[in-house]
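Visitor: Please provide a close look at a single part of this assembly, namely one interface between two chains and the elements that form it.

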Amino acid sequence: MLLVHEVDVFYGDAQALDGVSLEVPDRAIVAIVGANGAGKTSLIRTIAGMLPPASGTIRFKDRDITGLPSHEVCDLGIGQVAEGRQVFPSLSVAENLAMGAMIPRAKPHRARNLDRVYALFPRLKERHGQAAGTLSGGEQQMLAIGRCLMGEPELVMFDEPSLGLAPAVVQEVLRTIRDLAAGGLTCVLVEQNVAVSLKLASRAYVLENGRVTLSGTGEELLADDGVRKAYLGL
Amino acid sequence: MLWSLYGNVLVQGILTGLVYGLMALGLSVIFGVVRVVNFAHGEFAVVAMYAAFVLFHALGLDPFISMFLIAAAFFVLGYGLQRTLINPFVGRPDHEQFILLVGLAIMLVNGLLMIFGPDARHANLPYSFDSWFVGPIIVDKVRAYAAIAALAVSGLLFGFFRFTTTGVAIRACADNLVGAAVVGLDVKKLYALTFGLGLACVGCAGALMVTLTDATPMIAPGLTLLAFTIVIIGGMGSMVGALVGGLLIGIVEALASVVIAPSMKSMVSFGLLVLVLALRPQGLMGKRA
Amino acid sequence: MNLNPFSTLARLVDETPRRALVLLIGLVAILAVAPAVLDRYLLSVFFLIFWFATVGQAWNIMMGFCGQLSLGHALYVGLGGYVGAILWVKFGISPAIAILPAMAVAVVFGMAIGWLGFRFGIEGVYFALLTIAFAEVARIGFDNWSFVGGAAGFFMPVTAGGGSAWNLRGGPLLFYYVALAMMALAFIICALLRRSKLGLSWLAVREDAEAARALGINVFRAKMAAVVISAAMTAVAGVCYAFYQNNLFPSQTFDMARSIEVILAPIIGGLGTLFGPILGAFILTPLGQTLIALVEKIAGRSIPGVNLVFYGAALMAIMWFSPNGVWPWLKKKLGIPEERQ
Amino acid sequence: APAVVKAQAQTLKIGVLLPRSGFFAQAGQSMHRGALAAPAVLADLGYKVELVHIDTESNADVARTQAERAINDGCHVLTGAFDSGHTLAIAQVTEQRQVPFVINIAAAPQITEQGYKYLVRNFQTGGQLVTNGLRLIKDVMDAKNVKLETAVFLHANDTFGTAQRGAMDAIYPRVNLPIKLVESIAYDPRAQDLAVEVTRIRSINPDLIMCVTRASDAIKLVRDMVRQRFEPKAIISPGSPGFYDEEFYQALGPLSDFVLFGLPWVNPKSAMSQAFEKSFAKASPNNRFAVDSFNAGFTFEALLIAADAFKRAGTTEGAKLMEAVRATNLAEHVMIGGPIQFDAKGQNPNIGSALVQNQKRVPTVVLPKDVALAEPVLPMPSWQGRS
Amino acid sequence: MTALLEVQGVTKRFRGLTAVDNVTMTVNEGEIFAVIGPNGAGKTTLFNLIAGVMKPDSGSIRFAGERADGVPPHELCRRGLARTFQIVRPFPELTVIENATIGAMMRAPDVETARRAADDVLRKLDLFDKRAAKAKSLTLPDRKRLECARALATAPRLLLLDEVMAGLRPTEVDRIVAILKDINRSGVTIVLIEHVMRAVMTLAQRIHVLHHGATIAQGTPAEVTRHPKVLESYLGAEAL
Ligand SMILES: Nc1ncnc2c1ncn2[C@@H]1O[C@H](COP(=O)(O)OP(=O)(O)OP(=O)(O)O)[C@@H](O)[C@H]1O
Ligand SMILES: Nc1ncnc2c1ncn2[C@@H]1O[C@H](COP(=O)(O)OP(=O)(O)OP(=O)(O)O)[C@@H](O)[C@H]1O
Ligand SMILES: CC(C)C[C@H](N)C(=O)O
Ligand SMILES: [Mg+2]
Ligand SMILES: [Mg+2]
C-alpha cells in the first residue's frame, strides 16, 4: 500500500534520513523502532508531506506522492497521529474533531465518523465542549486518534502514541490500535516501547541514525540479540 | 459642568476607540495566526481611506456602504499579498519581515502622495456634521455610526471564527501549526485567508475613519504605531484584546487631554503601554506564552 | 574585560581573513585621501554614510550580536545631541568633553529600558515596542520642555569658518573626518567586542539564552551591557550630528522615522556582521541620493515621491533576494572565508 | 573641485528647495506652484532666471545634501524651505559656501539671530506674526464694534506652534487687548481629531478662539466645533496656516467661511501681484491663486529678490551677489507692506499683515482698509443655515 | 564519601500535573549516578530543578553543601554544576570552537585561555577536526558530543547529562561511555538520565528510578533491575 524508496531528508545541513526504504502492506501493522532522534518522526513527516525529501520516492496505492503538500497527502487517505498528540489546546473537543474532517474526502462523512469516534471513545463525547488543552494526557491521545479517524484514513501512522501515558492507558491505546487494524485499517506504528510494538506488528524496521539497519517480522526482531540488548536492556 | 465635560470626553473616547480597535483587530488577527507583524498596517488603513474617498466622490457611495466593497477588495489584496510576497517570510526573523513591510509602507505612502497629492481628503456626508444631544452629552452622528459599524464588523469576525469551520480551522492554525498540518489543513491557504481578513478589517476601519478624520499620506506611520500600541496593550493575537485595547487607548487619551494636557495624551498611552509590558507582557487579554 | 588592546588588536588583524583585511585597509586608505577629489556635495553624502554606518554599528551590537531588537535608537541620538548642544550653548563646554555626559545620559535611559525589558522577559516585537515607546515619550517630553526650547527647537549659534575643530565648529571636511574616525572607531570597538568574552556571551544569548545561562553566562548582565554600550556609542554619534546640523528639533531627532532609518543599513548590509552596517550605509545613502537625481533627470522636473517609491521597492527587493543581507552574499562572491580560527 | 562659478553668467540659476513630499508636502507643493508661475513674470520684468526645483522630502538630511548638490550644479542662489529646521540645514551650506540664501517662508526668530551672513528672510518672524495678528484683532473689533471678552488660545505643539505660543506668552500682556486670555491649550499635532480639545474649550465657552494650526488640523478644529454646536463669536488665527488651504475649503464647504486670520498676504491691488496671478492661472490651471497666494507669493518674492540683486550686482559671484541682496530695495512687489529691505541681520522689517476672512470659500482681505476687498463679518454667523 | 548533591523531598507541579513528586536522593562526590524512568516520568524536570531553571514547589536542593534551589542557572554553573539539554541546544550559527569557548569562558581570564581550554575539551570528545564548522551543520552524534563538550568546558564538579546517548549507534555509545568514564576518573561527578540501558548498566554505580514523578526504586543496577515495580512499569511493559 505504501512504498518508501531510498529517501534522504535534511534539516538544513544535518541529515535526518539516509536512504530509507520500507514497505507497508495493506491491512498490516508495521512497526518502526529506534532510539530517540533516530529519525522515526522525520520519516513519518516525510511520508505525510510535511518534510520535503531531498531524494527518493514515496508511493501510495501506486501513486507517486513524493513532494505533495501535506493537505493533499491527507486527502488521499494517509492519516497521522502525531508525536506529542498535537491537539488544538484552545479549541473544544468537538472543534478538534471537526478539524479532522476538513479534507474533502472526509467532509461528506462527517456525521457518521463523529458517531463512530464517539462510540470508540465515549469519554470524548462526555467532554465535547471542553478545551482540549485541559484534557488529561490519555484523553488527549484519544482525541488525537479520534481526530485522525475523522479524516477517513486508509493508512494511519502512529508516532509514539504511548508517550507520557500511564501504563493502564498505554494498554488501552494499544488495544485500540490493534482493534482498528483488525477492523481493516493499515497502521504504521512508531514506538519506543519496543517490546510492545514488536509484538503487535506483522513487520518491523529498526531505524538507527536515519538508516534502516534491520527489518523482519515482529517476532524475528524480538528474538534478535542486538535488538534485545540495545532496546530492551536485557 | 465638570462631569458633563468628562462625560462628553468619555463618550468620544469610547466611540473613537472602537474604530481604532477595529483597525488594530486586523493587525492582531494577522499576527495571531500568521505570526507576521504587519509593519505596513497604518499604510493599508490610509489606502482604504483614499479608496473610500474615491468611491464617495466618483460614485457618491457612502463610506458606510462602500466599506463592504473596500473590505472585499482588501480581502483579495491581502490574500494575494500573503500568497506571493509575504509567504516566503513566514517564520522568518522579525527584522526581515520588518524591512520587507517597511519597504512596502514607503511605497504605499509615496504612491498615495503621487496619485492624490498631499492635501487632506475627507468624505463629507450629508450628516457629517449632525449630532445628537442627549442631555448634556453630545454624540456625533458619524462617530456613533462608525463605532456601531466597527462593533458590527468585529462581531461578524468573531462569529466567523467561532461558528464557521473555516474560522475554526484558522484558529486551529494559530493554536498548533503542526497539528494543523497533521489533520491536512491547507495552511498556506488559511494564512492567505487570514491575511485577507486582517486587511479586510483595516479596509473597513479605513472607510470608517474617512468619515471621522482626514486622509493624508503622512498619517500612516502614526496609525501603524497606534495599532501596535493597541494590540500589545490588548494582547497580540487576541481579538477581544484588540477591541479592549482600542477602547482603553481611546478613553485614556481622551481623559488625559482633559486631566493632563492635550499635547501629552500620546505620552499617556505610551505610559500605559510600558506599564502593561512590565506587569502583563502578554497583554491584558493575551494568553500566557 | 581585561584586554590588552594592542595584543588584541594584533590578534584581530591576524585573525581577520586576508582578503577582508586588504579590503578594509584599502577602503580606509581611499577614504582618508578621498576628500582631495570629493566635491562638497559628496563630502556631505559621505558624512551621512559614515554617520549611519556608525549608528548602525552601535545598533548592531544590540540586535546583531545580542539579539535584542531596538526600534528606538533615535532616543540615544537625541539624548546625546541635546546633552552636547545644551552643554555647549549654555555652559560653553566643548563637545569633546560633552560626549562623556552625553553617553552617561543615554546609558541611564538605556539601562532603564533594559531593566524593564530584560527583568520582565519582554522580547522580540514587544521589546521593540518598548523601545519605540521610550523614544516617543522622550520626543513628547522634549516637545514640552521649555528649557531647551520645547517643540520650537534648540538653536546653536553659528560660527561659520571660526571656532576650533575641537569644538566641532567647521565645514564639511571636518565633519567628514570626524565621522570617518567615528565609523572606524566603531568598527574597531565592535571587532574587539565581537571577539571578547562579552561579545561571545552576546552571541550565546542571541542564539539561545537558556543554554547560555546553563553555561554560566549572566544573561541579564550581558543584555544590559549590550544596551549600555550601544546607547553610549549612539549618543556620541548624536553629539556629532547636533553640531553638524547646529539645531535640534524633538520632532526630528526623536522621530520614529529616524529610528527606522538607523536600522536599515545594518540589516540590509548583514545583521550581526562587522561589515554589514558599513556596507549597508554605503548602499542605502547613495541609493537614496542617486534616486533623487535619477528621477529628476528622467522625469524632467521631479515628481515628489517617485524616488521614495523606488527606494521602498529596493528595500523589498534586497530582502527578497538576500534576506541575510548583502555582506554575507558579497563575502561568498569575494571568496572571503567565514572566519579563520 | 567645487564648481568654479562662471562669474559672467547671463541668467541667474536659483535652487528652489521645498518640502514637496513628506510631512510638509501640502505647503511644499503650494509653494512650488508659486515657483512655477514666477519665471514668466520675472521675464516680463526683465529678469533672467533659471529655476532648479528640488524636493527636500521634509527631511533635514536631504535638504542639506541637496543644497550642496544644487550649488555644485551651478545654482547661484538658493531659496526655500518652509520648515525652520530645514531652512537652517540649508543655511549651514550656504553660509559655508558663501552662496546667498533667500528664505521664502520660515518663522523661527532664531534664524536671523544666529549671525548667518549669507541669508536674508523676506518673511515675518513668529513674533511679528503674533504682534501683527493681535493688532488686527483689535482693529477688527473696533471696526465692527464688537466686544470679545474672553479668549482661548489653541496651538499645535509642533515647531511652529510652540514658537508662536512663546511669542504669545511674551507679547500678549504687552498689547493691551481688552480680551481676557482664559487659557492656552497645546494639542498633539499627530492627533486624529480635536473632539476632546473642542469639548474642553466649549466648557470654557470663550467669545474668541485664537489658534495656530497646521493645514489639516484647522479642518478638524472647525468640524468638531460644528458637531458640538459650539459657536464662539469669532475664530481668528494670529498668523498661521490652515484656514486658507484648498483642503480646508474642500472639506468644510460653507462651514469654512467667516474664520479670520491675520497674515502677511498678497496685495490684491498691486500690479505685480495681478500679473503674477495671471501667470499662476496659466501654470497651475487647477489651483486657485487666492488660496495659494500666501505660499506662492512669498516664493515669488524670494525669487524676485534674488533676480533683482543679480541684475544690480551684474555677477553671480557669491559675496557680491549677497551684498546686492542685502541692499535690496524693492518698492514694487506682490505682498502687502512697505518696500522689501533687509536690516543688518537680514530680516525684512517692512512686511505687513492683512486680516483675511473666508467669504464664499475665498480668502478675502478685509483689513487694513486700503487693501481690503470686502467688509469683515463679525460676529461669526451661526454654523446652521449657511450656504 | 561526601554528598555533593542532596535533593530533599522535592516536588514540582505543572497546573494539574505533578511532574516531580516528593523526590529525595543524594549523589556522592565522584560517583556516576543514573536517573531512569519511562517517558514523561519527570527526569528532565528533575534536572531543570537541580540546574536552577525551575524552582521546586516544595522541598530543598543542596549543592556542595550550599543551598541550590532558587539559585539562577548561571550562578550554579559558577559553583560547578553543568548540564546538557535533552533536545540538544548548540548555538547553531556559531562554530564548534565558539560553542565550546563560550562554555570555557566562565573560568578563563580571557578568550585566548578559554579557547585553549575549549580545544582540549574538543580533542577529548573527538570534535577537534570539526572546530571550524557551524554547529547547525553537525550530525546528531556530533551535536550530542558538542553538547557534552560545552558543558564539560565549564570545568564542572557535577555534570548533569540528559540522554546524551539517545540516538547513537552502539559503537558511538561505547565511545561516549569510555569518555564519560574518563571524565569521571578525572574527578567529575556525573548524573545521567538515560534510556539506553546498556550504557546505564555499565556506567552507573547507583540508579534512581522515577515513575509518574515519584521514586519507585533506588539502588545498584543489579538491585534496580530486579525490583518488581521497575520491571512492571518500565522494563516490563512487555507483559502485555
Ligand atoms: N526541526 C528540526 N530541525 C533540525 N533538526 C531536527 C529537527 N527535527 C528533528 N531534527 C533532528 O533530526 C534527527 C531525527 O529526529 P526525529 O525527530 O525524526 O527522531 P525520532 O526518531 O522521532 O526521535 P524521538 O524518539 O525522540 O521522537 C534528530 O537528530 C533530530 O535532532
Ligand atoms: N514546562 C512544562 N510545562 C508543563 N508541563 C511540563 C513542562 N515540562 C514538563 N512537563 C510535563 O511534565 C512531565 C514530566 O516531563 P519530563 O520532561 O520531566 O519527563 P522525562 O522523564 O524527562 O521524559 P523523557 O524520557 O521523555 O525525556 C511530562 O508529562 C511533561 O509533559
Ligand atoms: C507660517 C508658517 C507657514 C511658517 C512655517 N511653518 C515655519 O516653520 O516657520
Ligand atoms: Mg519522534
Ligand atoms: Mg527528558
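Guide: Chain D and chain E have no contact (heavy atoms within 4.5 Å), and their closest C-alpha atoms lie 37 Å apart. Chain A and chain C likewise do not touch, with 15 Å between their nearest C-alpha atoms. This is a predicted model, in which local features need pLDDT of at least 70 and side-chain atom pairs count only at pLDDT 80 or more, while totals for chains, interfaces and linings use all residues. Residues are numbered from 1 along each chain as its sequence is written, chains are lettered from A and ligands numbered from 1 in the order in which they are written, and side-chain values use heavy atoms, leaving out hydrogens and water.

The interface of interest is that of chain B with chain D, where 37 residues of chain B are in contact with 37 residues of chain D. The two chains bury about 3,100 Å² between them, of which 54% is on carbon and sulfur atoms; buried area is the accessible area (1.4 Å probe) that two parts lose on being put together, summed over both.

Five salt bridges are counted between chain B and chain D, a salt bridge being a side-chain nitrogen of Lys or Arg within 4 Å of a carboxyl oxygen of Asp or Glu. Over all chains, the whole structure contains 58 salt bridges. Arg143(B) pairs in this way with Asp193(D), at 3.1 Å between the closest N and O atoms. That pair runs from helix α5 of chain B to the loop between β7 (180-187) and α6 (195-204) of chain D; helices (H or I, at least four residues) and strands (E, at least two) are DSSP runs, numbered from the N terminus. Arg143(B) also forms a salt bridge with Asp224(D), at 3.2 Å from N to O.

The most comes from α1(B), with six residues. This side of chain B comprises 19 nonpolar, twelve polar and six charged residues, where Ala, Val, Leu, Ile, Met, Phe, Trp, Tyr, Cys and Pro count as nonpolar, Asp, Glu, Lys and Arg as charged, and the others, Gly among them, as polar.

Within chain B, α1(B) packs against α10(B) at an angle of about 145°, with axes 6 Å apart; axes are lines fitted to C-alpha atoms, for helices over the stretch in contact, and angles run from 0 to 180 degrees between N-to-C directions.

On the chain D side, a cis peptide bond joins Leu367(D) and Pro368(D), with omega about -10°, and Pro368(D) lies in the segment after β12 (362-367). The bond from Gly80(D) to Ala81(D) is also cis, with omega near 0°.
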